[in-house]
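These are my notebook entries on a single chain, written down as I worked through the coordinates. I begin with charged pairs and then turn to sheets and surface.

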Amino acid sequence: MSEIASSQEWKALEESAAELEGVSVRSLFDEDPARFGRYSIEAAGLFLDFSKNKITDDVLARLLALSKKADVEGARKRMFAGEPVNVTEARAVLHPALRDFAARTYHVGGEDVSRLVRAERDALAAFCASVHSGECRGYSGKPLDTIVNIGIGGSDLGPQMVVEALRPYWIDGRHAYFVSNIDGQHLADTLEKLDPERTLFIIASKTFTTDETLTNAMSAKSWFLANGGSEAAIAKHFVALSTNERAVTAFGIDPRNMFRFWDWVGGRYSLWSSIGLSIALQTGFDHFERLLRGAHAMDEHFRAAPLRENMPVMLALTGVWNRNFLGAAAHAILPYDQHLHRLPAYLQQADMESNGKRTGVDGAPVGAATGPVIFGEPGTNGQHAFYQLLHQGTDLISADFIAPAVSQSEMAPHHEKLLANFLAQTEALMRGRTEKEASDELAREGRPEAEISRLAPHKVFPGDRPSNSILMEKLTPETLGALIALYEHKIFCQGVIWGINSFDQWGVELGKALAKSILPELASLGEEKPPATAHDASTNGLINRINAARSGAAGKHSAGRK
């Protein structure tokens, strides 16, 4: 079992939580008007206010002591040094090397990988230039103005989120689509919109063996061949982001159109690599490089700033405090910018796949709760969906509110109203409303006494719902890069404190293995299959029910597609 939860530093924080029970954050603000300035940090174009968490100077000192006990500083140094901090896979974790503009060298196994990074970045830039200039065209001579990124997990969520976030930077006349789900409807719906003569398919799979990605890629290839393309033309319309040259070549992709990344780049940290090709093609390579530079600025801050002044560390420590000592089992990501509408899903994978672990790096069960459930939705949509539970539910849920002070589309009074809601929600979550305040408000509305007594309990908000506010002047490639890097480093720090490996994902393997055994037992449309018996009663029953439906569905399916 990880020793951190039995350490004196951990027990001191449990004592702090007990001492603060019954103390409201509202009262902490009343007693300390300077609280905001003391519990905020500015770095890399971002401003973090964490003063609405139930923390004090003593709590913060004890959290910093916990980070020292867990050796966050040492782990940070080992990661940047290229040591194999991904211990279960014996791999380095060096995604910061992909966006380093300080001319540093990074070594993995004695090899300087920084030169490999620069060479691959130059290859991406050259390819983008050839597509954008029209030098690289489709088989019929038409420009390749439409891209379809076929990937899953980090090979889909990262680039898709960034492309959506940087919509104001899109090159006119270019179109980008993302296909990830093995559900054929996802691909079919996308293919309906495409002109095969103008479409470039990007197949994103490190091993080029990922089942979902390869299934979609093969179907896209079949569609291309059935709609005017030839085997020879595949080389003009398909590129690969992979490390498996043999499989890429066998697919029909010219190895010169294969862009590489390395095993020290985890999937959910890969958008900075060749996986970001869709970003560069849709927005221009210069904007992709600006994204990298913004992340680099946050890397430099994380690398050098003392822990107390370090934005990723403080975000991580407030998260540990809320998760482990105040009991927040879920955490909401709430961007108040429509272009960030895919950020919650991206961070859901980044956080839950990284820190959703129950086994420590020592192989023993962890002694404390680890990663929270991550969910979210852009404001103000989320306010009309699940904020009710945030304010008055029986569970404590922490939240990050993210907003640009200036919108990319300043349509008065829209952004002012959006910002007003952004500010009001964090204040309401922190302050709450007492029953007396609710009663007084109803009285001012002229409600009769009996109605006031009846309604007031329903209008009470407990408050003390912890939140962080992250501000930027404007959502740009630089601030977006810094924001993503902020969360990457925050997740890493939390994993170090909990004593887990944030860079493997063994939890996705079991379901995949079982799916392979079930696949032969499922009937094709119109096919009869013997009853399934190899599984538990529930799984057998579901297989048999599905097969019964599919065995008689061939005619109906054909009629429905006419």
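**Entry 1: charged pairs.** I looked up Glu441 and found a salt bridge to Arg433, with the closest N and O atoms 3.5 Å apart. I note that the model is a predicted one. Glu441 has a relative accessible area of 24% and is partly exposed; Arg433, at 22%, is partly exposed as well. I then traced salt bridges that share partners, and these join Asp100, Arg104, Glu300 and Arg303 into one network. The count of salt bridges comes to 29.

**Entry 2: Asp464 and Lys54.** I recorded a salt bridge between the side chains of Asp464 and Lys54, at 3.6 Å from N to O. Asp464 sits in the loop between helix H19 (449-455) and E13, and Lys54 in the loop between strand E2 (46-49) and helix H4 (57-69), so this pair ties together parts that lie 410 residues apart in sequence. I checked the cover of each partner. Lys54 has a relative accessible area of 14%, and therefore counts as buried under the 20% limit. Asp464 is partly exposed at 22%.

**Entry 3: Asp145 and Arg198.** I found that these two side chains also meet in a salt bridge, with 2.8 Å from N to O. The pair links distant parts of the chain, 53 residues apart: Asp145 belongs to the loop between helix H6 (114-133) and strand E5 (146-150), and Arg198 to the loop between helix H8 (184-191) and E7. Asp145 is buried at 14% relative accessibility, while Arg198 is partly exposed at 26%.

**Entry 4: the open sheet.** I traced an open sheet of 6 strands in the order E1-E2-E13-E12-E10-E11, with mixed pairing. Which strands stand at the edges? They are E1 (40-43) and E11 (373-376); each has a single partner strand, so one side of each is left without a neighbour in the sheet. From one strand to the next, the twist averages 15°. I followed the pairing of E12 (residues 397-406) with E13 (residues 467-474), which is parallel and runs over 7 bridges. Within it, Phe401 has Ser469 of E13 as its bridge partner. Helix H17 (residues 414-431) packs on the sheet and touches E12 and E13, its direction making about 155° with that of E12.

**Entry 5: strand E8.** I examined the side chains of E8 (residues 238-241). Phe238 and Ala240 point one way, Val239 and Leu241 point the other way, and all are buried. I recall that side chains in a regular strand alternate between the two faces of the sheet. Strand E7 (residues 199-204) runs parallel to E8 and is joined to it by 4 bridges; Ala204 stands opposite Leu241. E8 also pairs in the parallel sense with E9 (residues 258-259), over 2 bridges, where Leu241 has Phe259 as its partner.

**Entry 6: exposed loop residues.** I placed Ala232 in the loop between helix H9 (211-226) and helix H10 (234-237). Is Ala232 buried or exposed? Its relative accessible area is 65%, so Ala232 is exposed. Ala232 and Gly252 are 20 residues apart in sequence, and their C-alpha atoms are 8.0 Å apart. Leu519, in the loop between helix H21 (509-518) and helix H22 (537-551), is likewise exposed, at 59%. Together with Leu522 and Ile546, Leu519 makes a nonpolar surface patch of about 260 Å².

Note on methods:
Residues numbered from 1 in each chain as written. Predicted model: local features only at pLDDT ≥ 70, side-chain atom pairs only at ≥ 80, totals over all residues. Heavy atoms only, no water. Patch = residues over 30% accessible without salt bridge, like charges linked within 9 Å, V, L, I, M, F, W, Y side chains within 5 Å. Areas by Shrake-Rupley, 256 points an atom, 1.4 Å probe, with all protein chains shown as cover. Salt bridge = Lys/Arg side-chain N within 4 Å of Asp/Glu carboxyl O. Buried < 20%, exposed > 50% of the residue type's maximum accessible area, 1.4 Å probe, protein only. Pairing = 2+ DSSP bridges. Axes fitted to C-alpha atoms, helices over the stretch in contact; angles between N-to-C directions. Contact = heavy atoms within 4.5 Å.
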